[in-house]
Amino acid sequence: MLALQGLTPVALAESAAISLAEARKIVSAVHRDRDLGVPLAEVRRVSLEAVRARGHVPALALVREESSQLDPFRKLLLRRADDDAKDELFETVRIPLERPGRYSVCVSSQVGCALACTFCATGRLGLRRNLETWEIVEQVRWVRRGLGPGERVHGVVFQGMGEPMANLDRVIEAIRVLCDPSAQAIDARAITVCTSGLPTGIRRLARELPKVRLGLSLGSAIPEVRRSLMPIDDSFSLDSVIDAGIEHARTTGLSPMWAMTLLHGVNDGEAHAHALADRVLDFTQRSGVRPRLSILAYNRIDENDDPFTRTPLEREDQYREIMRQRGVFTHKRYSGGSDVAAACGQLAARP
């Protein structure tokens, strides 16, 4: 049966053989948590029966909700309501924005991840399955239900568990639902899809969703170091990923978000800073768009067996100063919720 919260009005109209106007009313009812019966009396009974025969509204169950004591970050541990298997758990994070009452939702696209990036807790799980379109959308709906009067979800970032480009069909469908005025009505420009580096997916994202932003996790700008941190580099080199990013920038006119997580003694030396500056300047010259470069502090992924340590603040400042001298300006991204394992790289859906 069709999961109604995972459909745009156009997709519902085509699937249920009803008018687009009726489909919009049904999608609106679903996303505003109204029942499909009495409140939609204006929709013809025959159309409602057609939808009921082919569609339903499946649910996610909240296993646990944790609020950080350090900042306003909040993490939700979720699973399908019809499946209590521990290996089906996945996580979502509510991220506070600078303007009070506005939030971004960090959503997962897979249960686990196959890419095995060494500085990411999700990468230690391996891939268990792709999330369905409705499961991605439901993460946003869960966060939205917990908001108070005057609060709203402003944006969505696909930076939770999983590699979004490896589940791109469902991710694109979910984004179309999230942006639809009858559904979540989120501006596409406030949505970012982050990747460890799948060039085909980057190009497809540019073609099909040109208003959606691209995020790229770099690991290191030095190929052999990146390969040791991110096994995906064996299949798709940083050169090929950046070439795809240049095509994305030229097609969309949008600046990509580049993220560099500093690991003490691994990728935080002078040579690494210069190599990254070279990449930024070359990208800017070739694409006409300057990447937005975020420097992230490493968040521990295992208290007992962690291969990395956080770069000391003084060394990070030296790294950033080299970039500044090269004409490359960086943003220090705050990654909150570390006390409840909600920060970047920490999501592991622990029961």
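Helix α9 (residues 270-287) and helix α10 pack at an angle of about 35°, with their axes 9 Å apart; here axes are lines fitted to C-alpha atoms, for helices over the stretch in contact, and angles run from 0 to 180 degrees between N-to-C directions. This is a predicted model, in which local features need pLDDT of at least 70 and side-chain atom pairs count only at pLDDT 80 or more, while totals for chains, interfaces and linings use all residues. Residues are numbered from 1 along each chain as its sequence is written, and side-chain values use heavy atoms, with hydrogens and water left out.

**Helix pairs**

- α9 passes α10 in a right-handed crossing, a crossing being right-handed if the near helix is turned clockwise from the far one by less than a right angle, and left-handed if anticlockwise; helices (H or I, at least four residues) and strands (E, at least two) are DSSP runs, numbered from the N terminus.
- In this pair, E270, H272, A273, H274, L276 and A277 of α9 meet Y319, I322 and M323 of α10, where contact means heavy atoms within 4.5 Å.
- The contact of α9 with α10 has six nonpolar, two polar and one charged residues, with Ala, Val, Leu, Ile, Met, Phe, Trp, Tyr, Cys and Pro counted as nonpolar, Asp, Glu, Lys and Arg as charged, and the others, Gly among them, as polar.
- Helix α4 (residues 133-145) and helix α5 (residues 168-179) pack at about 45°, their axes lying 8 Å apart, and α4 and α5 are therefore oblique to each other, since angles under 35 degrees count as roughly parallel, over 145 as roughly antiparallel, 65 to 115 as roughly perpendicular and the rest as oblique.
- The crossing of α4 and α5 is right-handed, and the contact is made by T133, I136, V137 and V140 of α4 together with R170, V171, E173, A174, V177 and L178 of α5; by class, this contact has seven nonpolar, one polar and two charged residues.
- The axes of helix α1 (residues 9-16) and helix α2 (residues 20-31) come within 8 Å and cross at roughly 115°, in a right-handed crossing.
- P9, V10, L12 and A13 of α1 meet L20, A23, R24, I26 and V27 of α2, and the residues of this contact divide into eight nonpolar, no polar and one charged.

**Cavity and pocket**

- The structure holds one cavity of 30 Å³ or more; on a 1 Å grid over the protein atoms alone, a cavity is a set of points where a 1.4 Å probe fits but cannot get out, a pocket is an open set with protein on both sides within 12 Å along at least five of seven lines, and lining residues have an atom within 4 Å of a point.
- About 50 Å³ of space lies in the largest cavity, with grid points joined across faces, edges and corners and a volume being the space filled by probe spheres set on the points.
- The lining of the largest cavity has nine nonpolar, two polar and no charged residues, and β11 (213-217), α8 (238-252) and β12 (257-262) each supply at least two of its residues.
- The second largest pocket has a volume of about 230 Å³ and is lined by 18 residues, of which A297, R310, R333, Y334 and S335 lie nearest its centre.
- By class, the lining of the second largest pocket has seven nonpolar, six polar and five charged residues, and its largest share, three residues, comes from β13.
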